[in-house]
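Hello,

Here is the structure I promised to pass on to you. Have a look at it first, and then read on for what I found.

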Amino acid sequence: MKIFLFLFALSLTASDDLPKYKRSSFKHWIDKDRDCQNTRAEVLIKRSQVKVSFTQRKSKKKCTVATGLWKDFYYNEIHKLAKKVDIDHIVPLKHAWDHGAYQWSKKEREDFANDPENLVITNRSYNRSKGAKSPLTWMPLERQYACRYMKKWLSIKEKYRLTIRAQEHEHFTRLNCPSL
């Protein structure tokens, strides 16, 4: 039975007629308000627990965040250097593509890629180990963080009407998290 469910899940995502994923299909890190601060900078500024500092540029514009104080979304860590953190998509762009975003307009993909609800601050190495994986293959180690991640995962997929597999709900149930 487990093998059948696994093969069925693969058939939902590994379709021959699914257009090939290209990261460039999702315009991200935009400067929507044209203040020289892209989505990454905006998230760092809004979520810092102290006033951020900026890198010094000849133009004197405050575009790139240098320091602040940020709680990691996936682990019990605090970060102070912007260059040491990544802004991670809870639901990765590739995963979104494979579960319905390939059908979206350019504008819908841009909105998704820059949606603060889908963006979290984390250590660069955690983001790289997570990559385009789902909670079925990558999770934070501590239950509190795993539950928060799983709740956000499901809410983002629901918000954007992306396919939610039964295994994702089952995984949430097995975590025994407080209910949504």
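Predicted model: local features only at pLDDT ≥ 70, side-chain atom pairs only at ≥ 80, totals over all residues.

Let me begin with helix α7, which covers residues 166-175. Its buried residues are Gln167, Glu168, His171, Phe172 and Leu175. Viewed down the axis of α7, these residues fall within an arc of 145°, so they line one face of the helix. Just past the end of α7, Asn176 has a positive phi of about 55°.

Next comes Ser48, in the loop that runs between α2 (39-47) and β1 (53-54). Ser48 is buried, because its relative accessible area is 14% and the cut-off is under 20%. What does its side chain reach? A polar atom of the Ser48 side chain lies 2.6 Å from the backbone oxygen of Val50, and the side chain also reaches the backbone nitrogen of Leu69 at 3.0 Å. Leaving aside residues up to four places away in sequence, Ser48 touches Gly68, Leu69 and Trp70.

Finally, Tyr102 belongs to the loop between α3 (93-98) and α4 (106-113). With a relative accessible area of 29%, Tyr102 is partly exposed. Again not counting residues up to four places away in sequence, Tyr102 touches Leu18, Pro19, Trp97 and Arg109. Tyr102 and Ser25 are 77 residues apart along the chain, and their C-alpha atoms are separated by 8.7 Å.

Best wishes

How values were computed. Residues numbered from 1 in each chain as written. Heavy atoms only, no water. Helix = DSSP H or I, 4+ residues; strand = E, 2+ residues; numbered from the N terminus. Buried < 20%, exposed > 50% of the residue type's maximum accessible area, 1.4 Å probe, protein only. Contact = heavy atoms within 4.5 Å. Arc of directions from axis to C-beta. Polar contact = N/O pair within 3.5 Å; in protein donor to acceptor, adjacent residues only side chain to side chain.
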